[in-house]
Structures are given as C-alpha cells and as structure tokens.
Amino acid sequence: MIPAETVAQAHSASILATAYLCGASATTLKRKGSELNGPCPACGGRDRFWLNEAENVFLCRASGEAGDAIVLIRHKHGCSFAEAVEMLTGERPVPAATHAPVSKDEDNKFRERARRDAWDIWRSGRSHDPSRGGHLVVRYLAIRGIAMPDWHIRTLREVENLAYWHKRKGDQHSTIIHRGPAMLAAITGPDGHFIGVHRTWLDLSRPNGKAVIANPDTGEVLDAKKVKGTQRGGKIVLRDGEPGTGLATGEGIETVFSWRELRDDRTSTLWCGINLDNISGKATGQIPHPSLTIKDTLGRVRKAKVGSHEPDLTDARCLTLPAGIFSRLTLIGDGDSDRFSTQAAMLRARKRHALTVPDCRIDWADDGADFNDMLRRLRERRPDRAVA
C-alpha cells in the first residue's frame, strides 16, 4: 500500500510541470492568464487540451480525461495509479516524452477557420481616418502621447463594439465576457497576404487607453490585446518606407510609433513584430537565468532557463526579412521586461536577421521603461513642443 503522504505529494504535483514532463512545451501550449491551451500531450489534436495552473487540473476534451497530475500521467502512459504516483515522486523513471502527432488536415482546417474568422473581424472595422468618421484610434494614440502620423496607415481600423471571448471555468466553449470599442490591425505574412487580426480593446477614460477586462471567475485581469488567426511569421506594416532605406521593428504598435517620434525617423519602413518570440525565432538551446528559479514536480528549486543567443535557422515560423530591400535593420528593445531573457532574444534576433540585413543593430529603451514610457515622460515635460 502506498503511504498517504506519498500519494498526497503526487496529487499536489504541478499540472504544468507534469504536462511538460509528458511532452508539452511552451511552444505548443498558449497561455491566457493562469490557463493554457493546445494539443494534448497524450492524444494530439490542435486545441483539445486545457489546463489551469491556479486549480492545478487539466482537461482533454477529446478523451474526456480530466483531473490532477496523476490522471495526466496515466492518460499519457497508460499506467496504473501506483506507477503514476511513483513517476511523480521520483521512485520510478518517467518514459521519454514524445509529442503526440497533430493531424495536418486538422491543423490546416483549424488555421483556415481562424483566418476566415479573423478576416470577418477585420472587414467589420471602419477607417480610423477622422475625415471618414474615425475617432477611436486617433484618441487612443493621443492618450499614449503619440501624434497621429501624417501618412495613411492601411493596416489599422477601428470598431465601436467588439466581443471579447473567454473560456470560463468548467466550460468547453468560449463565451462573451466583454464588449467594447477596439483598434484592429491587419497581420500579413511573408507574401503580403492577410493571415490574422490583432485586437486592442479600448477604454478612452483610462490613463493608458486600454480596457480592463477581468476573468469573471477569478477576478484576474486579462490581456486587452489578442490575436485571431496566425501571428507566427507575420507583421503589422505601419509604414512603407522609401526604397533602400532602413527597417525598424518592435513588439507593439505603440512602441514602434513612439520610437519613430523619439528618433525622428522619417524614412524607414516600420513593422510591428507582434511579440518577441516572433521577432527572434527559436533558439538552438537554453541558458540558465542568473536569478529566476522554478520548482520541479518534486518541489526542488532549480534555475530557470531561457532561449540562448543562437538562432535555430530551421525555424521558418518567425519574422522573415526579404533580401536586398533594406539597407539596415533596427530592433527596438524594451527595457521594462526581464533584461536577461529579453537581451538573449534580441541578440538571437540580431544574429538571425543579420544574415539578410548585415547592418543590424539594437536600440534599447531606458532601463525599466519602453519607448512609449519615454515618449509620455517627454510629453509631460514639454507638452507644447514637438518631440523631434
């Protein structure tokens, strides 16, 4: 008979760490607050697997399996209760993790359905141009200290009332938990075709202009920015620059516009790269973080690891630059995130993209700030003067 304290230790094992032990990864699981969603590490699929870190439970919608770390180990390896407990407490080796295959047909159908839904959202938007009735984007950027550019931004639109969908605790399908105005941005792939839509829900009465949307079950504040469709390998084109000049890219729309104003850049092409992983691509390995730690399933504290400086050049699902178009590349670095991991990703991005644009540099924001923070501080000091 297994001692009660041993069973209790296995029951309390981290569900996320166990999912990783079973073959899931940070790449396959997409995070939304304390919830993660993606292919099941046992039976594959596309988005049938769901786990909640706060509740420490998982659900596989295809098989109906649900529960704690013991149930997940049994679902993955088809073992007995006692064997699962022994694996989680270190008394029995865990079989080498393998990734369950994702059906290409299922994957392609999912992507195409998401792209069509994204296109419908994009088409529902109206022009942000004030001369054509637009006002939300202009007001939002003004709140962020950004002067509306004097060129037409074809990738931005706005909508008065957009639904925010969220999967609530215990539900298999998402429900609407918020409606409100939003800024829409079209994401295009390497070939220039539409692949997704970036949405920012707005509340123009707040200091940063973004809506506060709370999880109705936990009260946790959810991200006011979401992507529908595909973002990997995509970008949001904010300005087509003059031929033969530079390209500047950063994570956020507000960051790129703020950098442009602070650096008085009047010629470069401007891209929003959407997120750092997309800009930098995958790494060939990992390096230990000097200070961050994590707990494994046995409660042991270990150093956290982040992607190394070396790019995995086989990763085709990240930002790709055309050869012979740009004279230089500026990677816009935020200073308000963990500097060690951010710097590793930016160095990886520079090595990757320097193969296409040799003159590749990183322009860092001040420590503890991003370029929009810097721009807003400057506006506060001299509100009646132009930045440049």
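Biologist: Which residues does Asp 334 touch, not counting residues up to four places away in sequence?

Modeller: Contact here means heavy atoms within 4.5 Å. Asp 334 touches Glu 251, Thr 255, Thr 342, Trp 364, Ala 365, Ala 369 and Asp 370. Keep in mind that this is a predicted model: local features need pLDDT of at least 70 and side-chain atom pairs pLDDT 80 or more, while totals for chains, interfaces and linings use all residues. Numbering runs from 1 along each chain as its sequence is written, and side-chain values use heavy atoms, without hydrogens and water.

Biologist: Is Asp 334 buried or exposed?

Modeller: Buried is under 20% relative accessible area, exposed over 50%, partly exposed in between (1.4 Å probe, protein chains only). Asp 334 has 10% relative accessibility, so it counts as buried. You'll find Asp 334 in the loop between β18 (329–333) and α9 (339–353); helices (H or I, at least four residues) and strands (E, at least two) are DSSP runs, numbered from the N terminus.

Biologist: And which residues touch the most other members of the largest nonpolar core?

Modeller: Nonpolar side chains tend to be buried together in soluble globular proteins. A core is a set of buried Ala, Val, Leu, Ile, Met, Phe, Trp, Tyr and Cys residues joined through side-chain atoms within 4.5 Å. In the 32-residue core, Leu 156, Ile 236, Leu 238, Ile 253, Phe 257, Leu 270 and Phe 371 touch the most other members. α7 gives the most to this core, five residues. Apart from it lies another core of 23 residues, including Leu 29 and Ile 70.

Biologist: What about Leu 238, leaving aside neighbours within four places in sequence?

Modeller: Its contacts include Trp 151, Ile 253, Phe 257 and Leu 270.
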